[in-house]
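Please work through each task before reading its solution.

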Amino acid sequence: MFVSYKWLQEYVDLSGVTPAELAEKITKSGIEVEGVEVLNEGIKGVVVGHVLEREQHPNADKLNKCLVDTGAGKPVQIICGAPNVDKGQKVAVATVGAVLPGNFKIKRAKLRGEESNGMICSLQELGIESKLIAKEYAEGIYVFPNDTEVGQDALEQLNRDDQILELGLTPNRSDCLSMLGVAYEVAAILGRDVKLPEPHAETSSEKASDYIEIQVEAKEDNPLYVAKVVKNVKIGPSPVWMQARLMAAGIRPHNNVVDITNYILLEYGQPLHAFDYDRLGSKQILVRRANDGEVIVTLDDAKRELTSDHLLITNGTEPIALAGVMGGANSEVQSDTKNVIIESAYFKGATVRKASKDHGLRSEASARFEKGVDPNRVRAAAERAVQLLAQYAGGEVLEGSVEADALQVEPAVVSVTLEKINRVLGTELSMKEVEDIFARLQFATNTDNDTITVTVPTRRGDITIEEDLIEEVGRLFGYDNLASTLPVGSSAPGHLSQYQNKRRLVRRYLEGAGLYQAVTYSLTNEAKATQYALEERKPVQLAMPMSEDRSLLRLSIVPQLLEVLKYNSARQNDSLAVYETGAVFLSNGEEDLPEEREHLAGAVTGLWHSHPWQGEKKPIDFFVVKGILEGLFEQLGLSDKIEFRQAQKDGMHPGRTAEVLLSGEPVGFVGQIHPTVEKELDLKETYAFELSLKAILEEEVSPLQYEAIPRFPSITRDIALVADQGTAAGELKGIIKEAGGKLLKDVHVFDLYEGERMEPGKKSLAFSLKYFDPERTLTDEDVTKAHDKVLEAVKEKAGAVLRG
Amino acid sequence: MQERLKELQTEALEKISTAADLKELNDIRVSYLGKKGPITEVLKGMGKLSAEERPKMGALANEVRDSIAAGIEEKQKHLEEAAVQEKLAAEKIDVTLPGRPVKTGNHHPLTRIIEEIEDLFIGMGYTVAEGPEVEKDYYNFEALNLPKGHPARDMQDSFYITEDILLRTHTSPVQARTMEKHEGKGPVKIICPGKVYRRDNDDATHSHQFMQIEGLVVDENIRMTDLKGTLEIFAKKMFGDDREIRLRPSFFPFTEPSVEMDISCKICGGKGCSVCKGTGWIEILGAGMVHPNVLEMAGFDSKKYTGFAFGMGPERIAMLKYGVDDIRHFYTNDVRFLKQFSVHE
Ligand SMILES: [Zn+2]
């Protein structure tokens, strides 16, 4: 809502309060003022001039040579290119030395050999948006009414010496979609009175009811319909000040009748509609739901097909308006209109919303109906309209109005105790202070001991419960005046859950290991949603996606991270490591929420280590990434439960991928991205992993327990085993561990040889075995006994023998 | 004899002083102090001396010997030191060459903001509550006083999956779920971070996916002044002690009264600039006293219990705090962007 400061002064005394101060006060007590526009900012030296002569420019077809009286001495010659300039007009003249918006300075000039002492201005040149300018002046200069005095400040004549407050209204404050609503609000803030207009028009002896009959079938949608009849209007422009107010509020002027209905919309918040009585085609107005398939041609000449959801104003048979949204073309007020019917009605918000949405027609009128107009202003708005029609369109107002009234208006009555007000706000207000606040709002109150009962005016439909009253008290008392406290009472220490703590540990660990945390989108396309999923499940699909690329929820994070690598790689960052923790979504069917499982994924590409001047350069390989994961499992106390097993997976390198198992259950994978996928994404050798973070973090871990530092020495024996190429190191290690018994504390691979010196199909794997007994110093015999068992086991179970 | 000894001493000391290295010095030691050295030779002639002179001569010989030995020792020290110096000089490196890089990554800026807020509120006795990103219409809207048909829950603004299931549009359903779990008994004191989704075209200021973090306190006697005090602590911690805050009335369906919190603009110090659109204030979050309908629907007696809630966007906070100009940066994961957040002030 755009609020003219000058206009507002008609209802509330604003003396001593500048527009900027007013804006701040309004913002602080309830409605955010999003901006204050000074309409004549950056403009000076524009006066009303009188075009005394006009003739064609001798050297230019499209230019006019005008002699203009600007009220300052001798008339001056001005060259003007506007097609509508003519002798006798009163126009806005930017004189030599004037400044127009954009710091455009007017200088004496020669145009095609003719002197020009200034510029005759269009409204655009005075800073008004084209879409707000009446059609007749849209393509040329603006012409003032003939009685405008020459030499006056043109901007003052155009009411542009004003400032406009732009209110950002929250949905509950639709009462301020009217100047009167804003006036009540401002009066409450300033503690001043509201002066309401007192509409009164002389009426003729003829009765409106003799001209029209109103019948409402759809009483639920339209509980109140008021019609007034005005005869013999003279269609013409509305007064300049009215046009100015409409333009400042963002409405384009048309003619006096239409402008007056729009003016009332702004003033009262009540949308009106004017029908051409003689084009109605009957003497009856019937309000009903449309029939399915019924058609109306609206004012904008669009043919609109209707359904029974839509409310129609008809002449008894034919539709003449889509209620609350737009009038029909057949009954439109035109330049030859003589007699008009003014409609002021209360239409139900939901009904109007449905129609405006279905037809894509959102207007100032529909917006107000949708949010609910004040039922007690319907009649007053009609009265005010006919008063202005008599005043500014020369109309003859017929006596009375014709109504269909099924409206029950009961103002809300809400009670609240002073104790509750103070308890919720944390204040120590007295009943007197509370009563004063409601008096400023012009809410009637009744106090009984600690309880105050408020009768809420119908204009404030947002107030229905005691908390609403508390808010009114709070905001007018001023939130600046509230103390700052902290909650008192029972308080337990705050903390992260064990899961949340571990998740932070995982993040910190990976970052310490060199990975950047990424955050990517959950929504993706069909291919990426399922690629690299840990479990084959249907992805969750949006009912109405905005695009193919964001139509399903991901089952895996790796595809998103590969996108991140691709993006960076294309920008000269082809060595990069990223990880993400986040939900993937597994469908549970239409009825239930999907299962959301938190995953941990990582993707690493290019060089892992680079230290050029010392000649060190190491690309990522499988074991770098595996090492990172092993370190992570170590920190989470899961090392003994984790197993890596050779695996095949779509999109992964068939020989360089491992399945990760936790206590024997698969929880994810790690490996090289398949070279064809790498090529598609234009990536260097790339490794990725994805794990169910949920499974890993929820795995039970035995509590940390100190283990005595060894007091006796350990004995280490190294063995080199010759095994088949296909025998996995992990398998051999498992056999060794099992066979080594209690004394074998640690086994690790320290060498792998697959060269020419081996028999074809064989390889050599060297293990280091550490034996230890916490109770005593081991003898060679003890170790040999255990060691022999190990050698026997690897031979028997894996056919591996000591290398000779 | 006496003269011969003196001569030897002078000669030896002379040689010692000109010795160039340890080997030469050792040779001097051997030649003068060794068993076959000249001093021993001289002393062999002692037998010819009288009994009176013999001890005198012995003492002199010892004196000469000691003086040579001391000379050698001193010289040796010098030579050793010089040798060390030489070695060190040869070992000199260029310390301005770059060190071997240690691989590090870092938090995403949004995580950084969220964890900072979590930790602040954990310190004030809150726990961190999380909930599903795909929600029931009931928890996302109805339980928050947004009944079906409410204009604020337009189908156009949300990603629905079925009529009853959608991607949550805010983290508030976590509040509803947590309150429900408390079965009408306070206190509830939670902070809820998470991803939310809205039907917006991605541009510099809009993202179809973004983060939210909300707080909720429900107990007997929770006052609006408690909300104000809590938010003041938050604002000063996040944006600096010198920032002023103001609460402005606003509207949200799930709170009543509702407020928005502004902080004074750091750029212009409150005088008005393009960042604060000339107002001197920057909007940071929405908050309010929990609407009685929300309390009742979650099983709390609104006569007995009151509460406050607040919610904010980590993206917006990061944008203001670090001057990030495009929300899409947070989801593009350009490493040149991510790397900048490894610095901790
Ligand atoms: Zn500023």
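A polar contact is a pair of N or O atoms within 3.5 Å; within protein, one atom must be able to donate a hydrogen and the other to accept it, and residues adjacent in sequence count only if both atoms are side-chain atoms. The model treated here is predicted.

**Exercise 1. Describe the interface of chain A and chain B.**

Solution. Begin with the extent of the interface: chain A contributes 91 residues to the contact and chain B contributes 91 residues. The two chains bury about 7600 Å² between them, and 55% of this area lies on carbon and sulfur atoms.

Between chain A and chain B, 36 residue pairs are in polar contact, with both residues at pLDDT 80 or more. On the side of chain A that touches chain B, helix α14 (residues 498-512) gives the most, with seven residues. That side of chain A is made up of 38 nonpolar, 27 polar and 26 charged residues.

Finally, turn to the salt bridges, of which eight cross the interface. One of them pairs Arg503(A) with Glu130(B), whose closest N and O atoms are 2.8 Å apart.

**Exercise 2. Determine which elements the salt bridge between Asp119(B) and Arg504(A) joins, and classify the exposure of each residue.**

Solution. The N to O distance of this pair is 2.9 Å, which falls within the 4 Å limit for a salt bridge. Asp119(B) belongs to helix α5 (residues 109-122) of chain B and Arg504(A) to helix α14 of chain A, so the pair joins two chains. With a relative accessible area of 39%, Asp119(B) is partly exposed, whereas Arg504(A), at 11%, counts as buried.

**Exercise 3. Compare the placement of two salt bridges in chain B, Lys304(B) with Glu220(B) and Arg248(B) with Asp262(B).**

Solution. In the former pair, the N to O distance is 3.9 Å. Lys304(B) is located in the loop between α9 (292-297) and β9 (305-312), and Glu220(B) in strand β5 (residues 209-220), so the bridge ties together parts that are 84 residues apart in sequence. Lys304(B) is partly exposed at 42%, and Glu220(B) is partly exposed at 36%.

In the latter pair, the closest N and O atoms of Arg248(B) and Asp262(B) are 2.7 Å apart. Arg248(B) lies in strand β6 (residues 245-252) and Asp262(B) in strand β7 (residues 255-264), so this bridge ties together parts that are 14 residues apart in sequence. Both Arg248(B) and Asp262(B) are buried.

Key. Residues numbered from 1 in each chain as written. Chains lettered and ligands numbered in written order. Predicted model: local features only at pLDDT ≥ 70, side-chain atom pairs only at ≥ 80, totals over all residues. Heavy atoms only, no water. Contact = heavy atoms within 4.5 Å. Buried area = accessible area lost by both parts, 1.4 Å probe. Salt bridge = Lys/Arg side-chain N within 4 Å of Asp/Glu carboxyl O. Helix = DSSP H or I, 4+ residues; strand = E, 2+ residues; numbered from the N terminus. Nonpolar A, V, L, I, M, F, W, Y, C, P; charged D, E, K, R; others polar. Buried < 20%, exposed > 50% of the residue type's maximum accessible area, 1.4 Å probe, protein only.
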